[in-house]
Amino acid sequence: MPDYTHLVAAAAHAAGPCPEGQEAAWGDRVRLLAVELAFAAREVDQAMQSLDATHPFSAYLEKIEIEESSRRGLLTLRPPGGAAETIRTEQEDTNAGERMIARAKELVGRWVLVYRYNEPTAASRKQPGTFGNVRMVARLMDLGEGALAFSIAQEVITADTGGDAALAGRLWRDAGLPEKGMIPVAALEAVRTRARAARANA
């Protein structure tokens with residue numbers, strides 16, 4: 001039989017001293033708190049197992065959108081020197097999904113440490129012998145603004161214009177950004193704003 005002494009002790013501490021003459025009500029509160037602590041402990045254990053299975057990497061968080069079919073957050077990330085890649089959150093109508101989507105929105109335009117894990121697709125779960133998974137985000141840590149390599153920064157601006165390289169180049173030159181080296185993220189954000197506005201008005 002599992003020993004829940006530590007949970008009961010923690011619940012009793014949280015409940016505070018038992019008022020005189022209210023022993024039964026106090027006992028009920030301790031039991032309720034102990035059960036809540038047990039569920040919290042299980043959730044923490046599951047979260048830690050997910051983190052243990054992750055593959056962390058650093059990347060620039062370019063944008064986040066809501067995938068229409070699944071209602072998951074869809075993060076666009078650009079690792080240093082690499083092509084853009086996507087990673088998903090839980091569905092936005094779940095607590096975990098809602099929190100992660102909100103966190104990602106706070107970190108758009110910044111470098112982040114991404115803790116990623118693979119989740120089997122629905123098809124692979126239904127059909128034995130079928131393999132497939134999607135990349136999911138378990139945690140995001142802010143690494144700051146920093147800078148992007150010139151080629152990656154240009155790709156970001158071009159993506160913001162909807163793929164219009166000529167427009168991206170014109171906005172780049174109008175902003176007076178350098179044509180080589182590392183581009184500060186702070187300097188890039190104003191150009192991104194104009195690129196998105198131009199795309200919306202096209």
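In which handedness of crossing does helix 6 pass helix 7? Right-handed, meaning the near helix is turned clockwise from the far one by less than a right angle. Before you start clicking: this is a predicted model, where local features need pLDDT of at least 70 and side-chain atom pairs count only at pLDDT 80 or more, while totals for chains, interfaces and linings use all residues. Residues are numbered from 1 along each chain as its sequence is written, and side-chain values use heavy atoms, without hydrogens and water.

Select residues 165-174 (helix 6) and 185-201 (helix 7); helices here are DSSP runs of H or I, at least four residues, numbered from the N terminus. Their axes (lines fitted to C-alpha atoms over the stretch in contact) sit 10 Å apart at about 140°, on a scale from 0 to 180 degrees between N-to-C directions.

Now show side chains: Leu167, Leu171 and Trp172 of helix 6 meet Leu188, Val191, Arg194, Ala195 and Ala198 of helix 7, with contact meaning heavy atoms within 4.5 Å.

Next, the largest nonpolar core, with 18 residues: buried (under 20% relative accessible area, 1.4 Å probe, protein chains only) Ala, Val, Leu, Ile, Met, Phe, Trp, Tyr and Cys joined through side-chain atoms within 4.5 Å. Leu148, Ile157, Trp172, Ile183 and Leu188 touch the most other members. Helix 5 (150-160) supplies the largest share, five residues.

Zoom in on Ile183: its contacts include Phe150, Trp172, Pro178 and Leu188. Last stop: a second, separate core of 15 residues, including Ile64, Leu75, Leu77 and Ile87.

Key
Helices (H or I, at least four residues) and strands (E, at least two) are DSSP runs, numbered from the N terminus. Buried means under 20% relative accessible area, exposed over 50%, partly exposed in between (1.4 Å probe, protein chains only). Lists of a residue's contacts leave out its neighbours within four places in sequence.
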